[in-house]
Amino acid sequence: MSALFDLTGRVALVTGSSRGIGNALARALADAGATVVLNGINRERLKSAEAAMAADYPPGRVHSCAFDVTCDAEAARGVAWVEENVGPLEILVNNAGIQHRVPMLELDVKDWERVISTDLTSAFLVGREAARHMIPRGRGKIINICSVQTDLARPTIAPYIAAKGGLRNLTRAMTAEWAASGLQINGIAPGYIHTEMTQNLVDDEQFNAWILGRTPAHRWGTVQDLAGPAVWLASDGSNFVNGQTIFIDGGMTVVV
Ligand code: NAP
């Protein structure tokens, strides 16, 4: 591992990492040397994710802290727990997110608020708490997990589109206020990623054909495709990259 991308000894918190993309990102950071803290709400799922991951790394490199990223007090408690029990937080990945599919005319405001709060407000709450610790130390990396829906709309997912678009501008707002204190805040916007969650879409012949036709790289993304950009944005290799959102989408957002 080149020193530029070496995360040895750095503490990373990845929200929503008991499964899916968050879990893969936590493993990518751990593979680069970081000590990682997994997070989720479901304690049983989180504990079994921690046990599964701990088996693959040296002792003390994998931890977990259950908290709800949409709750101000819980976000503060979670970040304080990391600082006290694991070490100074140097890398935060705001990954926790949910989806809710329904046409906008039938969308209940409670569901709108649930998605906005999980996919956007959470990054402000956990990010602000992390920054309160990072700023006095003059260093820190925050990576906000966006989406191609940061840039592109589709019917039936209005709150997700609004949240993910907002997340890109929150990334810029954090940069405006915190970059001078030595923090780099950037976004990663994954395209359509083949995971357990999207297996039904991969199996849907019509949708799969649409994705392949719409993607210049002519394939689905994999969680492994996100590993390199995540390690780069968490490392000294990106020390002058500020407020950017990197689309990892096989080119989907640059063509019509
Ligand atoms: P996923 O498999 O559904 O996993 C979601 C994770 O978030 C779980 O660990 C879940 O924990 C956690 N979570 C949900 N609400 C939470 C809360 N209030 N507090 C703490 N943790 C919470 O999701 P995914 O598909 O990997 O997506 C991860 C991120 O990538 C999301 O931001 C999503 O928008 C983005 N993304 C995904 C894709 C894709 O193709 N999948 C593409 C672009 C962007 P529990 O297990 O405890 O519920």
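Guide: Helices (H or I, at least four residues) and strands (E, at least two) are DSSP runs, numbered from the N terminus. This is a predicted model, in which local features need pLDDT of at least 70 and side-chain atom pairs count only at pLDDT 80 or more, while totals for chains, interfaces and linings use all residues. Residues are numbered from 1 along each chain as its sequence is written, and side-chain values use heavy atoms, with hydrogens and water left out.

The part to look at is α1, which runs over residues 20-31.

Burial comes next. A residue is buried under 20% relative accessible area, exposed over 50% and partly exposed in between, using a 1.4 Å probe and protein chains only. In α1 the buried residues are Gly22, Asn23, Leu25, Ala26, Ala28, Leu29 and Ala30. Their cover includes β1, β2, α2, β4, β5 and α8.

A nonpolar core is a set of buried Ala, Val, Leu, Ile, Met, Phe, Trp, Tyr and Cys residues joined through side-chain atoms within 4.5 Å. In soluble globular proteins, nonpolar side chains tend to be buried together. The largest core here has 32 residues, and Leu7, Leu29, Val36, Met53 and Val93 touch the most other members. At least two residues each come from β1 (11-14), α1, β2 (35-38), α2 (43-54), β4 (89-94), β5 (140-145) and α8 (223-234). With six residues, α8 gives the largest share.

Contact means heavy atoms within 4.5 Å. Beyond its neighbours within four places in sequence, Leu29 is in contact with Leu7, Ala12, Val14, Ala34, Val36, Ile91, Val93, Ala230, Val231 and Ala234. There is also a second, separate core of 30 residues, with Val79, Leu92, Ile116 and Ala131 among them.

Just after α1, Gly33 takes a positive phi of about 110°. Gly33 is also one of the contacts of Arg61; leaving aside neighbours within four places in sequence, the others are Ala30, Ala34, Thr35 and Val36. Arg61 lies in the loop between α2 and β3 (62-64). A salt bridge is a side-chain nitrogen of Lys or Arg within 4 Å of a carboxyl oxygen of Asp or Glu. Lys and Arg count as positive and Asp and Glu as negative; His and the chain ends are not counted. Arg61 is buried yet has no salt bridge, and Asp31, the nearest side chain of opposite charge, is 6.5 Å away. A polar atom of the Arg61 side chain does lie 2.6 Å from the backbone oxygen of Ala30.

Salt bridges do occur elsewhere: a search of the whole structure finds eleven. In α2, one of the elements that cover α1, Glu50 forms a salt bridge with Lys47, and the closest N and O atoms are 2.9 Å apart. The two residues are three apart in α2, about one helical turn. An α-helix has 3.6 residues a turn, so residues three or four places apart point the same way. Glu50 is buried, at 16% relative accessible area, whereas Lys47 is exposed, at 52%. Asp111 and Arg114 also form a salt bridge, with 3.2 Å between the closest N and O atoms. Both lie in α4 (residues 109-137), three residues apart, and Arg114 is partly exposed, at 38%.

Most residues other than glycine have a negative phi, and most peptide bonds are trans. Phi of His218 is positive, near 55°, and His218 is exposed, with a relative accessible area of 52%. Thr215 is found in this loop between α7 and α8 too, but Thr215 is buried, with a relative accessible area of 6%. Not counting residues up to four places away in sequence, Thr215 touches Asp249, Gly250 and Met252.

Key. A polar contact is a pair of N or O atoms within 3.5 Å; within protein, one must be able to donate a hydrogen and the other to accept it, and residues adjacent in sequence count only if both atoms are side-chain atoms.
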